[in-house]
Every structure is written in structure tokens, then in C-alpha cells.
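User: I would like a close look at one part of this protein. Please keep to the charged side chains and their pairings.

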Amino acid sequence: MALREQTESTGKFLHVQRGAICLKADKPTEGYEEITGEVDGAPYTTYVKKFAAVDGLITKIAWEVREHSGKTYRGLKITIKDKGENYILDLPFGKRQYDMFTKIAENIDYEKPVEFIAWQDKKDTRVTAFACKQDGKFVQWKYTREDMGDCPQPVKSEITGEWSFDAQREWL
């Protein structure tokens, strides 16, 4: 193997948001939709191209911790390979798609391709639903309300009434 200079990214980064699996760009790009908003009082503009699904073979799952603008971001980066293309699916820690993946990960056959799909939730249009299929069927959760196995149950705060999934997320 010879050394090669890296001239471009080795993968396309995908995010689950806005009812889809999205590619993002930081400048106007043909086929991408302009999105504007505000985060912590600061305005932003980004551009996204939406897809219903991404499929291929999972070749790597990596835990990532990174700093950006004084904030720490944690999550999984799942590399999916299909026909020579690499896609890196970003699943931020604590988000619904992260929780779903960690509960099905043990039921995936990593020797076979998977299909990750996303859509706008019909009950709450602010929510992006997310799932994984293999062999044309949804991959079932390993840990469910009915059978959590050794996975810790969520805990409801007596003060706030809010549910905490912290122990569960750490265990998974």
C-alpha cells in the first residue's frame, strides 16, 4: 500500500433530523434545502438534502467525544458501506435514534446489510421516527419494557416527575 494524500472526506456524514436522514452542507448546494434557526441565541444557516433511508453493511461503530464552541458532544458514529461508498451516520448520545440503536444493536447480524430509515412521526410532527431493517424486517429491540434483562429500568424523579434514562444509557 502506498501513501495517498487525503483530498476529500472518506465518508458522507448523515444526520437523523427533520423527518429524514440528511446530508448537510455549510454553503448553498444544488438539491439542498436552506434551513435557518437559532441555537443558544445565535442564528445559523445550514443546508440539508433529505433521504428516506440509507442501506449497506455496517463496517464500524465508534464512540466519539468532541468539543465545539465550548460544548461537549458525545455519540456513536456508524460507518455504513455500500458499493464503495462510505456513509457515517451520526447518532448523538441521549437522542431517540441513539437510544433505539443501542437497544437493537445486539440483534443485528453484522455480516448482512441493514437499512436505516427515518420519517416524520404521525403522532408528533416535531419528532423524527427512526428504525432499522434487516432482511426486509424491522430489527427487534433486545431490551423492552416487558423484558429489560440486565439493563436498568428508567427512574422517575419524585420531585420533577420526569423520567431519567441515565443509568440505562450508561449501561447500554
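Is lysine 50 buried, partly exposed or exposed?

Analyst: Lysine 50 is partly exposed, at 39% relative accessibility; buried means under 20% relative accessible area, exposed over 50%, and partly exposed in between, using a 1.4 Å probe and protein chains only. This is a predicted model, in which local features need pLDDT of at least 70 and side-chain atom pairs count only at pLDDT 80 or more, while totals for chains, interfaces and linings use all residues. Residues are numbered from 1 along each chain as its sequence is written, and side-chain values use heavy atoms, leaving out hydrogens and water.

Lysine 50 forms a salt bridge with glutamate 33, with 3.7 Å between the closest N and O atoms. A salt bridge here is a side-chain nitrogen of Lys or Arg within 4 Å of a carboxyl oxygen of Asp or Glu. Glutamate 33 lies in strand β3 and lysine 50 in strand β4 (residues 42-51), so the pair ties together parts 17 residues apart in sequence. Strands (E, at least two residues) are DSSP runs, numbered from the N terminus, as are helices (H or I, at least four). Glutamate 33 is also partly exposed, with a relative accessible area of 38%.

Beyond its neighbours within four places in sequence, glutamate 34 is in contact (heavy atoms within 4.5 Å) with Thr45, Thr46 and Tyr47.

The whole structure has 8 salt bridges.
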